[in-house]
Amino acid sequence: MLMSGNYRIIHPVEDGHQLWLRGETAAGAKVTANKKSPTINIAKEELENGWKGGEVRLRLQNSKELRALGRDGFRIAGNSQQVDIMASAEQGLLYGAYHLLRMQETGKITENIQVEEKPAFDIRILNHWDNLNRTVERGYAGYSLWRWDQLPEVVSPRYEAYARANASIGINATVLNNVNASPDILKAEYLQKVKVLADIFRPYGIKVYLSINFSSPKILGGLEDSDPLNPAVPLWWKEKVKEIYKLIPDFGGFLVKANSEGQPGPQDYGRTHVDGANMLADALKPYKGIVMWRAFVYAPDEPDRAKQAYAEFMPFDGEFRDNVIIQVKNGPVDFQPREPFSPLFGAMQKTPVMAELQITQEYLGFSNHLAYLSTMWEEFLKSDTYSKGEGSTVAKATDGSLFNHSLSAISGVANIGVDDNWCGHHFAQANWYAFGRLAWNHELTSEAIADEWIRMTFSSDPEFLVPVKKMMLDSREAVVNYMMPLGLHHIFAEGHHYGPQPWYSQAAREDWTCVYYHKASKEAIGFDRTTKGSNAVAQYFSPLREQFNNPATCPDEYLLWFHHLPWDFKMKDGKTLWDALCYKYDKGVQQAREFQKIWDKAGSLIDEHRFQHVQSRLKIQASDAVWWKDACLLYFQTFSNKPIPYDIERPVHELNDLKKIRLNMRHTN
Ligand code: BDP
């Protein structure tokens with residue numbers, strides 16, 4: 001549209017770039033603050049642009065009560081005519097401002113507003129798996145946001161928009177680069193670029209962290225090796241850290257993937273994770289920096305993939321410096337549509353442990369499938385580890401409360417790229433949103449989070465809200481059903497992990513094949529992790545261990561994760577295992593079809609562009625669901641030799657045709 005005099009381009013379509021931040025109003029609220037600072041100014045501006053009620057007073061106060069809410073906590077008191085946001089630190093005021101606006105946008109402003117909030121985890125951090133050439137490992141929303149080629153001179157407006165979106169949901173930290181880290185990120189030239197981003201993020205309360213390559217001293221510094229026990233090596237790290245803090249005084253620290261999938265690490269020199277992590281921790285300590293050391297490793301002596309992280313890390317519990325936190329993926333294998341929680345949660349008690357969740361949908365249909373992941377994370381966070389008796393949930397084992405650690409954190413592998421809508425799929429924005437909200441408050445329900453998100457992103461009209469919320473809440477289970485129900489796992493196509501390839505049997509490592517995980521034979525299917533099998537159950541506390549160990553008490557969701565069972569094994573509902581498997585796959589297909597119906601009906605209540613965008617992806621999802629069902633059932637049928645129950649839709653593909661599908665996607669393992 002052209003404006004007279006000034007030419008102005010109005011966004012021609014609703015492309016989703018505004019995310020959940022759509023509350024702008026011309027009302028021009030009166031907002032005052034008892035202090036000025038870049039952070040408080042942002043809070044003030046947000047309220048001026050978005051608050052539709054009366055005066056808001058932002059008050060920085062150093063009272064004991066407010067200090068108890070921590071740096072990020074806040075109190076809101078008043079009514080729609082006059083309301084105070086109070087905090088003992090600037091970030092608290094910013095989070096309070098976003099909270100008040102969210103209350104308004106989700107219809108929660110009452111006569112008497114009394115809110116007190118403080119986050120569950122201190123560090124709420126995104127992990128970008130972004131490479132310096134701007135490709136994103138497991139990224140499905142376009143290239144990286146970070147224009148390393150243009151920085152530090154050219155600054156994209158997306159950087160600030162990114163910081164704002166994160167701050168609005170309480171995310172306060174970010175790791176900019178891939179865990180498969182290039183040493184180049186620590187070059188002086190790159191640190192200048194990182195500094196520019198850190199400066200933009202700072203007023204939004206966001207700290208920058210970097211993934212480092214353990215061989216940096218050798219590769220960048222020209223040292224003989226990167227052995228933590230070679231005195232020149234810790235010295236090199238000390239100097240490097242000093243250089244970083246000169247540029248970025250509030251730098252957060254390092255994320256490290258060491259001795260995993262070809263990445264270098266201390267074991268290259270016969271040293272341990274402790275030697276490596278503590279060396280980095282010592283370098284960072286004077287500046288209050290931390291090390292997030294990943295437990296995603298492949299212990300060579302342990303044949304069960306699901307036992308390896310525990311086997312390799314448990315012996316070191318208590319040996320790490322106090323500024324080291326062990327970052328553990330939610331499940332013991334690798335971000336599958338469903339896994340039991342990793343037994344390291346609850347077991348490692350003398351070392352702070354943080355969860356790594358995957359927001360990007362590497363194993364859940366990329367940005368083609370609608371899968372609201374909050375339900376998966378809620379299931380995980382609420383899982384009882386029984387480490388200190390009943391009620392010792394994963395959430396409590398990681399938020400510092402159960403084991404009294406002063407360091408607490410939670411991370412999510414980002415699903416963000418340069419796509420106009422940031423995440424590829426409009427509904428993938430909900431996963432970014434949900435991660436932030438759960439990191440702030442792990443007691444929130446997925447239902448409540450979906451409710452907020454739909455209202456802010458799309459509409460509060462019940463005709464839209466109710467069915468779409470139900471679709472979101474069912475969506476992850478639908479993916480589990482049509483991909484790998486009843487505890488099946490890792491039967492993905494080689495490399496890209498998009499489609500099914502349960503027949504995949506030749507790889508560089510046995511535990512990168514699919515047959516390793518499902519172990520289907522004429523007689524049975526599933527991975528025996530009981531006391532008679534790999535004994536992975538022993539890594540869990542009682543009574544979970546016994547519950548998992550017995551197929552009669554093991555939850556159906558984890559049945560084939562822990563058990564190798566005959567095809568005619570009787571399920572709790574009396575069905576045979578084979579039939580139960582068939583019905584689950586079929587259910588997944590029916591659910592995906594149902595989503596299409598819901599969307600076609602509800603979609604008329606929103607804008608055409610987002611409606612069509614989602615509609616086209618739901619078509620892909622429904623046809624992928626059939627692909628998954630046919631591939632898995634036809635393949636497993638070659639072992640079970642049993643008919644697919646006759647009330648189930650018949651396969652529409654030939655197994656041999658499905659075996660020929662080769663998707664042209666990058667990624668190698
Ligand atoms: C695997 C991914 C790979 C990651 C690795 C990790 O396929 O791209 O680098 O995890 O988390 O799931 O280190």
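Entry 1, domains. I am working from a predicted model, and I began with how its chain is divided: domain 1 covers 2-117, domain 2 covers 123-449, and domain 3 is made up of 479-527 + 564-658. For domain 1 and domain 2 I looked up the separation of the C-alpha centres, which is 29 Å.

Entry 2, where domain 1 touches domain 2. I found 19 residues of domain 1 in contact with 22 residues of domain 2, and the two domains bury about 1900 Å² between them, with 56% of that area on carbon and sulfur atoms. I then turned to the polar side of this interface, where 8 residue pairs are in polar contact, both residues being at pLDDT 80 or more. On the side of domain 1 that touches domain 2, I noted that the elements giving two or more residues are α1 (38-50) and α3 (90-105), and that α3 gives the most, with 5 residues. By residue class, that side of domain 1 divides into 9 nonpolar, 4 polar and 6 charged.

I located Gln591 in helix α19, which spans residues 577-602. I recorded Gln591 as buried because its relative accessible area is 12%, under the 20% cut-off. Leaving aside neighbours within four places in sequence, I listed the contacts of Gln591 as Asp474, Glu477, Ala478 and Asn481.

Technical notes. Residues are numbered from 1 along each chain as its sequence is written. This is a predicted model: local features need pLDDT of at least 70, side-chain atom pairs count only at pLDDT 80 or more; totals for chains, interfaces and linings use all residues. Side-chain values use heavy atoms; hydrogens and water are left out. Helices (H or I, at least four residues) and strands (E, at least two) are DSSP runs, numbered from the N terminus. Buried means under 20% relative accessible area, exposed over 50%, partly exposed in between (1.4 Å probe, protein chains only). Contact means heavy atoms within 4.5 Å. Domain bounds come from an automatic or database domain assignment. Buried area is the accessible area (1.4 Å probe) that two parts lose on being put together, summed over both. A polar contact is a pair of N or O atoms within 3.5 Å; within protein, one must be able to donate a hydrogen and the other to accept it, and residues adjacent in sequence count only if both atoms are side-chain atoms. Ala, Val, Leu, Ile, Met, Phe, Trp, Tyr, Cys and Pro count as nonpolar, Asp, Glu, Lys and Arg as charged, and the others, Gly among them, as polar.
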